[in-house]
Amino acid sequence: MAYLSEKFSRTFRPLGIVKNLFKKPMTLKFPYETLPPLPDYRGRHALDLEKCAGCFICSMICPNKAIWPVEFEGRKYPQVNLGKCCWCQLCEEYCPNKAIKLTPHSMIVTMNKESAILGIGKEGFIPKHG
Amino acid sequence: MDIEEKELAFLTMPFGPQHPASGHFHALMKVEGERVHELEPHPGYLHRGFEKLMEYRVHVQNCPLVDRICILDPFPNELGYVNAVEKLGGVEVPERARYIRIIMTEFGRILSHITWMGVMGMVLGFDSACRIAWGDRERVIRLNEIISGGRLYPCYFCPGGVRRDMSQEFIKMAFENLDYLEKQLDFYDPFFFDNETFIMRTKGVGKLSAEEAIDLGTTGPNLRACGVDYDIRKDEPYEVYPKVDFNVITREEGDAYARGMCRRGEIAESISIIRQLLNKLPDGPFRTEIGPAWAAPEGESYFCVEAARGELCFHMVSDGSPVPYRAKVRGPSFSHSLVVFPYLAKGGTIADVPIIYWSLDGCPADMDR
Amino acid sequence: MIDKITSLLKPKFADSLLKIVGEGKEITLLVKKEKAHQILSELKDAGFNHLSDVSAVDYIDEQEFELVYHLWAHREKIRAIVKVRIPREAPKLKSVVDLWTGAQIHEREDHELFGINFEGNPNLSPLFLEDWEEIPPFRKDFDTRKYVKEKYYSEEEEYPVAKG
């Protein structure tokens with residue numbers, strides 16, 4: 001008797017999937033809906049030109065050698081190659097004046113390698129990519 | 001029969017790196033009809049040379065590198081490396097940091113087992129399990145993002161503690177997600193673990209006895225499914241494991257079904273461990289600063305951690321300079337995929353080969369390093 | 001347990017055992033290479049049935065390799081570490097495949113990456129690398145950065161541009 005009732009319930013169990021027909025799906029329709037971005041997410045870099053002292057501790061501590069010096073308005077500033085960066089945040093942690101920071105911006109798309117290098121402008125890093 | 005005719009009777013076919021059921025693992029099979037005569041694995045698709053790369057970088061710079069050894073389960077790699085360095089140098093770690101480390105490691109274990117369940121469903125032909133499991137993974141990945149800023153590569157532990165503090169918002173969200181995951185386990189029991197397809201295709205497949213398993217170097221849930229009671233969290237406890245209460249799940253049969261049920265039991269145990277730790281989290285500092293040019297004294301240390309797949313060990317040798325002299329990583333999937341898998345697949349049918357491979361839960365990234 | 005091992009091994013291998021250190025649940029032994037296989041066989045009979053790892057370290061200043069065997073006993077829950085030194089010129093050692101079957105893959109990896117020859121191992125073909133013509137890559141006299149710069153990058157130091 002127990003064997004028959006178990007066989008009976010197993011035959012009709014797959015029909016329970018019908019109750020999932022009317023549930024809201026788990027997925028979001030990207031790019032129209034996204035998850036809200038968090039304030040301390042590790043995204044693209046930003047530089048404060050007045051606080052930067054030109055000591056290049058960020059260049060020495062970077063594990064992939066992605067930061068190199070470049071000339072701008074008579075002084076040397078760091079320049080980041082986003083193709084080599086591993087987003088570890090060690091440059092922000094060891095900067096003595098807190099000049100280089102990681103922002104939550106994470107939509108970074110480019111089609112050629114040269115535009116993956118962040119350029120230097122009046123307000124800090126200016127991205128060359130779209 | 002002539003020698004040439006005997007050779008021609010076998011067909012060599014690849015279970016290749018581009019295959020929906022094999023991950024990034026390549027093996028050559030010699031088959032005759034439907035029977036597998038011999039299986040020869042060819043690793044090296046994901047070899048990146050971590051052990052040599054670690055000899056050029058300081059200990060702090062190695063932390064984002066070690067994360068990438070096993071991608072599906074990132075926290076035990078960091079835990080093993082950080083503890084091996086601290087054991088060499090005698091660094092003091094505050095209590096709050098130790099509690100936070102184990103909470104995140106147990107969340108990583110739940111994440112890895114849910115991933116295993118999804119991929120096992122995909123291999124069996126049961127695609128719905130994969131889609132629903134990936135939606136549940138998102139809950140744990142969102143917690144990773146809140147606490148450390150990175151979703152799959154957190155880079156969160158460092159020698160001396162953890163890099164950021166755990167906020168009240170995280171604790172509230174962790175309790176909500178734990179309740180949700182416990183309810184989902186009640187949904188998964190009749191849906192996946194008690195399903196006719198899963199039971200029929202995995203019972204009696206890939207049977208391993210206890211003596212054979214120990215001789216071949218098996219560890220983790222694969223060994224506990226054969227009846228051997230070996231869990232590093234109980235036998236050689238580290239961090240705060242002596243202060244929590246949990247059971248070690250063992251089964252007797254040793255086939256693919258037993259290995260799956262061991263993993264399902266471990267998800268429930270991990271949920272209970274996290275609840276106990278969150279209720280008694282102490283206050284205080286979360287990191288002792290050691291600086292980037294810190295050098296470990298001369299010596300050697302060996303530290304083992306219980307990862308979701310098995311036993312993950314770090315052997316560190318230092319000669320007094322800031323970079324390590326030799327860092328060897330022993331991945332759990334090294335023995336499982338390269339020694340146990342060819343031994344079990346011999347003599348079976350072609351349809352059993354992906355089932356045996358995924359029930360052993362081999363991660364090609366920590367096999368190749 | 002540690003006293004039991006010491007009293008078991010000291011009478012038979014007095015001149016081959018250079019040092020025994022035991023603290024807590026871990027015992028470290030430093031042995032000479034001639035009797036290494038017999039000492040490991042005695043340890044296996046004493047209860048150490050799980051071989052965790054066989055790792056190699058390159059001491060280039062002393063011109064020696066050091067092989068470290070990590071063992072674990074399931075019943076008594078004790079770890080044993082056995083260290084053997086071999087010369088760097090023509091390195092070879094007897095294999096332990098007849099004691100633990102799982103050692104075959106660890107020795108294959110050490111053969112490919114360091115060049116150590118294990119006598120008795122049935123399969124020592126290359127594992128990770130294909131068509132490799134240089135010296136074994138994990139030795140200390142192989143410079144990875146110089147190799148990568150010569151083969152894959154052009155001469156500029158500042159902004160390396162990938163070629164090929």
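The structure is a predicted model, in which local features need pLDDT of at least 70 and side-chain atom pairs count only at pLDDT 80 or more, whereas totals for chains, interfaces and linings use all residues. Residues are numbered from 1 along each chain as its sequence is written, and chains are lettered from A and ligands numbered from 1 in the order in which they are written.

Chain B contains 15 helices and eight strands, where helices (H or I, at least four residues) and strands (E, at least two) are DSSP runs numbered from the N terminus. Its radius of gyration, taken over C-alpha atoms, is 21 Å, close to the 21 Å that the globule rule gives for 369 residues, so chain B is as compact as a globular protein of that length; the rule is 2.2 Å times the number of residues to the power 0.38. The C-alpha trace of chain B spans about 75 × 50 × 35 Å along its principal axes. Of its 369 residues, 47% count as buried, a residue being buried if 20 or more other C-beta atoms lie within 10 Å of its own, exposed if 12 or fewer, and partly exposed in between, with C-beta atoms placed from the backbone.

Chain A has three helices and six strands, which follow the order α-β-α-β-β-α-β-β-β from the N terminus on. The radius of gyration of chain A is 25 Å, while a compact globule of 130 residues would have one near 14 Å. Its C-alpha atoms fill a box of roughly 90 × 30 × 25 Å along the principal axes, and 18% of the 130 residues of chain A count as buried.

Between chains B and C, the contact takes 26 residues from chain B and 23 residues from chain C, two residues being in contact if their C-beta atoms, placed from the backbone, lie within 7 Å. On the side of chain B that touches chain C, at least two residues each come from helix H2 (50-53), helix H9 (210-216), strand E7 (311-318), strand E8 (326-330) and helix H13 (333-345). Towards chain A, 14 residues of chain B are in contact with 15 residues of chain A, and the elements of chain B that give two or more residues to this side are H3 and helix H6 (127-148). H3(B) gives the most to the side that touches chain A, with four residues.

Helix H3 (residues 59-66) of chain B also packs with helix H4 (residues 74-89) of chain B, at an angle of about 160° and with the axes 9 Å apart; axes are lines fitted to C-alpha atoms, for helices over the stretch in contact, and angles run from 0 to 180 degrees between N-to-C directions. H3(B) and H4(B) are therefore roughly antiparallel to each other, the term used for angles over 145 degrees, while those under 35 count as roughly parallel, 65 to 115 as roughly perpendicular and the rest as oblique. In this pair, B:His59, B:Asn62, B:Cys63 and B:Val66 in H3(B) meet B:Asn77, B:Glu78, B:Tyr81 and B:Val85 in H4(B).

Within helix H13 of chain B lies B:His336, which counts as buried because it has 24 C-beta neighbours inside 10 Å. The C-alpha atoms of B:His336 and B:Asn222 are separated by 8.9 Å, although the two residues are 114 residues apart along the chain.
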